[in-house]
Amino acid sequence: MRDAVGSFVGWPSDLIFPDAETPTRPTHKVGKGISRRIESVASQKEVPGRKLKSAAKDIPTTSGTKSQIMMRLEKMVDESDIMHGAIRSIDFDEGVFGAAHFEIIAKEDMQQLFEHDELGIAVIHTYIWYMYVTLMRGTELCNRFNFIVASRINATLITKNPTSVKNDLVDRFMAAGDNTTPSLYFLPFNSGNGGHWVLVAMDLSRLIVYYLDSLSGDWSKYPSMKKTVDAAIIKFRSKKNYRNRKDITWVRVQCPQQNNSVDCGFFVLRFMRDIIALNRIDIPKMYFEEYKSYSRAHLDEMKDELCQFIVDQRII
């Protein structure tokens, strides 16, 4: 698979680790980019989950063809300076990741949507931003679901500096309150150097970690990731003076499975989307009855949502 991690991240200079051999994005003509602070136009009074549930009932039967909104956005990109190497720098709401975050959008990121290619971090993060703005912001769901920056927690960085990664996780946990009531932390985890995406969902109050992988296997494929996550949870609870009543339980969820080599990123996004739509902190081991499998139309639906969001936010 093509590089997924580190390739598409706008990375502040004070957070660069010289020894972390994370792949970098091809050089762009940054001077031609337009840096904007994007203000959301979504209603903060949106009823959580309602839009997703109604949309799920109207998934088009024809898939693999481009929708009108995608063709509109593709035309906008084709006519923009992005096609000549320019970029867009966008600021996310601080509530998305619990701290300030910005992302770089370039031509290859848009092509991932248009061509249904493997997803990189920029698209993963931008869809997370969409879910936060459209479904969560201003609602009680912000206390139930939290997102972790994928570019700070991946296999490459864990190999190079596991202590730093562990501390980043602890800092994210600390930013979200006391975590004494059930909530989930979503970590889209990449195996590194253009590898595979999986979803790790952590319930700190009940010491449960859900593992969702659209390919066969479990967390034993990534022992350093499990060790780092466990250590971060234990350190967080120690800093909060919480008693560790029991061991951390990992649950492999029998989630929908992909049938090609490119869909893992789409599936990770869909997992988060469904969990938020159903407003479920407890993820059944056999996954949700409503979503036992995903068709191409389920994934196309998400692409259209993101295309519409990008148009509405005037990112291009």
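**View 1. A cluster of aromatic rings in the predicted model.** Ring pairs join Phe92, Phe97, Tyr127, Trp129, Tyr130 and Phe309 into a cluster, where rings of Phe, Tyr and Trp (its six-membered ring) pair if their centres lie within 6.5 Å, planes under 30 degrees apart counting as stacked, over 60 as edge-to-face and the rest as tilted. By this rule the count comes to 17 aromatic pairs. The model is predicted, so that local features need pLDDT of at least 70 and side-chain atom pairs count only at pLDDT 80 or more, while totals for chains, interfaces and linings use all residues. Residues are numbered from 1 along each chain as its sequence is written, and side-chain values use heavy atoms, with hydrogens and water left out.

**View 2. The pair of Tyr130 and Phe309.** These two rings are edge-to-face, at 5.5 Å centre to centre with 70° between the planes. Tyr130 lies in helix H5 (residues 121–136) and Phe309 in helix H10, so the pair ties together parts that are 179 residues apart in sequence; helices are DSSP runs (H or I, at least four residues) numbered from the N terminus. Both Tyr130 and Phe309 are buried, meaning under 20% relative accessible area with a 1.4 Å probe and protein chains only.

**View 3. The pair of Tyr287 and Phe288.** Here the arrangement is tilted, with 4.9 Å centre to centre and 50° between the planes. Tyr287 is buried, as is Phe288.

**View 4. The crossing of helices H9 and H10.** The axes (lines fitted to C-alpha atoms over the stretch in contact, with angles from 0 to 180 degrees between N-to-C directions) of H9 (residues 264–278) and H10 (residues 296–312) come within 10 Å and cross at roughly 80°. H9 and H10 are therefore roughly perpendicular to each other, the term for angles of 65 to 115 degrees.

Technical notes. Helix = DSSP H or I, 4+ residues; strand = E, 2+ residues; numbered from the N terminus. Parallel < 35°, antiparallel > 145°, perpendicular 65-115°, else oblique. Buried < 20%, exposed > 50% of the residue type's maximum accessible area, 1.4 Å probe, protein only.
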